[in-house]
Amino acid sequence: MPAMRVRQAIATAIADEMRTDPTVIVFGEDIAAAEGPFKTTEGLLEEFGPIRVRDTPISEMAFTGAAVGAATMGLKPVIEIMFMEFLGVALDQLVTEGAKMRYLSNGKLSVPMVVRASVGGGLGFGGQHSQTLENWVAATPGLKVLSPSDAQSAYSLLRAAIQDPDPVMFLEPRVTYAERGEVDTNLKMEIGKARVVKPGKDLTIVALGQMTNIAREAAAASSLDIEVIDLCTIVPWDKKTVFESVKKTGRLVVVEEQPQSGGWGSEIVAAVSAEFFGELKSPPIRITCPNVPVPYNGGLEARFLPNATEVNYLIDQLMATGKAPQPWWIREGF
Amino acid sequence: MSKGLDRRKAILSDPVAQFERAVEIREFENQINALFASGTIRGTTHLCNGQEALAIGLASVLRTDDPVSATYRSHGIALALGITPESAMSEIMGKATGCCGGLGGSMHLCDLELGLLPTSAIIGGGMPIAAGAALAFQVQGNDRVAVAIFGDGATNIGAFHETLNLAAIWKLPVVFICDNNVYAEYSRINLTTPIEDLHIRAESYAMPHFALDGMDIDVVREGIQSAVDRARSGGGPTFIEAKTYRFAGHSRADQALYRPEGELDSWKSRDPLLLLEERAKKSGKITDAQIADMKVRKAKEIEATVALCQNAPEPSAKTMFENIWSRKVSQ
């Protein structure tokens with residue numbers, strides 16, 4: 001199996017789909033001639049030419065809507081939103097137009113499009129280029145929302161997203177782009193299926209995107225036998241895998257790269273609490289970022305993001321007291 | 001051939017049929033207005049009285065495989081394109097027999113066989129989608145043309161400018177038609193926009209543009225035909241400003257008390273129905289007596305449609321869970 005960087009896994013997945021399916025086209029800001037600001041579209045213009053691989057003006061609303069329109073007429077557009085924040089100006093086209101097309105055409109239209117966006121903190125991009133913002137799109141029936149955590153899941157999930165007949169929001173943790181991993185190009189991953197990336201029996205961690213790697217790191221350093229689930233899909237999320245794990249371990253910790261309020265982890269905790277109330281060995285908890293913008297300063301950004309030390313501290317507290325522990329910003333009186 | 005396609009074919013060139021369709025649209029809107037006023041229909045509605053010539057002119061020029069992205073004020077466009085009064089009215093009444101199964105309502109009409117994309121209730125929302133449809137035709141290498149029709153208010157929203165720019169640089173086969181009916185919701189255009197002739201905005205996108213008299217169907221047809229021909233032959237997009245007038249208020253609650261005195265009456269002297277009637281008579285194919293009969297017949301037909309739709313079945317609860325994703329996802 002070849003080892004490739006996450007950004008190469010993404011470009012390879014798009015190229016493999018474009019080779020298989022002539023209706024796949026790609027557009028976005030600086031994705032053609034410049035091959036993408038993060039080099040996630042490397043080689044595409046050269047191989048597939050300017051009809052199928054296009055640079056757009058800085059007009060997210062127009063090109064996101066153009067993807068919707070092109071999808072209704074038989075193409076499968078894959079578009080790139082350079083930083084997830086830039087989707088804000090185009091949200092109408094994705095949420096209110098694209099995600100409603102099937103419903104408002106009485107089932108006659110499909111919108112097979114993928115909106116790729118780089119997300120997340122850790123690289124010093126500051127308050128307007130570091131958020132994950134899954135919750136902007138997670139509450140829209142009609143959209144599917146995915147996030148890979150490594151090269152294999154980036155490759156396999158992106159291929160599944162492009163093949164899917166519905167609009168898919170594909171959130172790429174920017175900090176992982178340069179990371180290498182082995183990629184089996186024959187491995188298929190399904191939308192809506194989580195991955196158990198480390199089996200364990202004492203406690204279940206559910207994580208997403210770059211937090212999967214934090215959770216793995218925490219599990220490796222813990223004296224407990226922790227099971228780590230990479231959720232992969234936020235909508236529709238894999239209840240079966242999560243429930244099976246919690247049934248076994250009796251404990252749930254969700255690790256989210258997102259301010260505490262309104263995060264996807266609340267859905268998981270609510271569903272698990274309702275299903276296993278009384279059977280749980282400790283309260284299900286969420287480990288999140290504080291409810292503040294992402295700070296630029298390196299030290300502060302590192303504190304803002306959940307890390308393996310904090311995750312293990314909170315898990316140890318949970319195990320020792322049987323009560324939900326306080327996050328660091330409460331402990332430190334902020 | 002389906003009823004809708006038959007209805008479309010009927011208005012392609014016959015001035016009498018075009019006049020008859022305009023009478024149908026006016027009767028339809030008047031009935032819808034009455035049904036809302038009496039509380040028979042819920043929600044909101046946006047009438048197109050005064051804008052019939054543009055709707056019929058557009059429908060008579062396009063092919064059925066040329067998709068149209070239109071707005072929440074589209075009862076007339078839908079009927080002109082060929083949607084039956086039953087299909088549109090039962091949708092507005094929220095019935096299972098409606099063109100969107102009763103789940104769309106007045107603002108969301110759709111018929112893909114006739115080229116009507118789901119109409120958008122967001123100002124300017126349909127414009128990028130029309131450009132995207134045109135992008136598909138360019139990539140596929142066929143000669144289809146997409147149309148975005150929108151109001152004067154849309155020329156002040158970002159989607160308008162982004163889409164004109166994108167369509168221009170990619171030379172997309174799309175026609176932009178601004179139905180300038182003088183009012184954007186409750187505001188007269190001069191209060192929100194520093195120019196009177198909106199089509200000049202296309203100049204800054206190096207896009208061919210012109211204004212036309214939207215009350216005169218012959219002028220409408222000629223103008224749209226030239227733009228469609230340009231798009232179909234690879235010449236790229238065109239921006240057309242059709243000067244019309246909204247005889248009704250913005251939506252059902254709006255009595256339009258903000259109009260300058262005399263403005264409505266002045267425009268009503270050029271009511272597209274009057275012009276279409278005159279034109280039909282000139283064709284020599286219909287007499288005054290036949291016109292009087294036709295008007296009575298159309299009014300009765302629409303009354304019968306109301307009764308028919310009122311008795312149509314309600315959608316089942318199950319339909320609420322369908323057509324969200326390609327396959328039902330249990331949540």
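Predicted model: local features only at pLDDT ≥ 70, side-chain atom pairs only at ≥ 80, totals over all residues.
Biologist: OK, chain A by itself now. What does its secondary structure come to?
Modeller: Chain A has 13 helices and 14 strands. Its radius of gyration is 20 Å, close to the 20 Å that the globule rule gives for 334 residues, so chain A is as compact as a globular protein of that length.

Biologist: What box do its C-alpha atoms fill?
Modeller: Roughly 60 × 45 × 40 Å, taken along the principal axes of chain A.

Biologist: How much of chain A counts as buried?
Modeller: 56% of its 334 residues. As for contacts in chain A with a separation of 6 or more, 77% of them are between residues 24 or more positions apart.

Biologist: Where is the cis peptide bond in chain A?
Modeller: Between A:Val235 and A:Pro236, with omega at about -10°. A:Pro236 sits in the loop that runs from strand 12 (233-235) to helix 9 (239-249) of chain A. Most peptide bonds are trans.

Biologist: Switching to chain B. What is the phi of B:Ala206?
Modeller: Positive, about 50°, although B:Ala206 is not a glycine. You'll find B:Ala206 in the loop between helix 8 (189-192) and strand 6 (209-213) of chain B.

Biologist: Is B:Ala206 buried or exposed, and why?
Modeller: B:Ala206 counts as exposed, because it has 12 C-beta neighbours inside 10 Å.

Biologist: What about B:Ala256, what's its phi?
Modeller: Also positive, at about 55°, and again B:Ala256 is not a glycine. B:Ala256 belongs to the loop between strand 7 (238-243) and helix 10 (263-268) of chain B. With 14 other C-beta atoms within 10 Å, B:Ala256 is partly exposed.

Biologist: Helix packing next. At what angle do helix 2 and helix 11 of chain B pack?
Modeller: About 155°, with the axes of helix 2 (residues 15-37) and helix 11 (residues 272-282) 8 Å apart. Angles over 145 degrees count as roughly antiparallel, so that is what helix 2 and helix 11 of chain B are to each other. Their crossing is left-handed.

Biologist: Which residues meet there?
Modeller: Among them are B:Phe19, B:Ala22 and B:Arg26 in helix 2 of chain B, and B:Leu273, B:Leu276 and B:Glu277 in helix 11 of chain B. The residues of this contact divide into nine nonpolar, one polar and three charged.

Biologist: How do helix 2 and helix 3 of chain B cross?
Modeller: At roughly 130°, with the axes of helix 2 and helix 3 (residues 52-61) coming within 10 Å. These two helices of chain B are therefore oblique to each other, and helix 2 passes helix 3 in a right-handed crossing.

Biologist: And which residues make that contact?
Modeller: From helix 2 of chain B, B:Gln18, B:Arg21, B:Ala22, B:Ile25 and B:Arg26; from helix 3 of chain B, B:Glu52, B:Ala53, B:Ala55, B:Ile56 and B:Ser60. Five are nonpolar, two polar and three charged.

Terms used:
Residues numbered from 1 in each chain as written. Chains lettered and ligands numbered in written order. Helix = DSSP H or I, 4+ residues; strand = E, 2+ residues; numbered from the N terminus. Buried ≥ 20, exposed ≤ 12 C-beta atoms within 10 Å, placed from the backbone. Axes fitted to C-alpha atoms, helices over the stretch in contact; angles between N-to-C directions. Parallel < 35°, antiparallel > 145°, perpendicular 65-115°, else oblique. Left-handed = near helix turned anticlockwise from the far one by under 90°. Contact = placed C-beta atoms within 7 Å. Nonpolar A, V, L, I, M, F, W, Y, C, P; charged D, E, K, R; others polar. Rg over C-alpha atoms; globule rule 2.2 N^0.38 Å.
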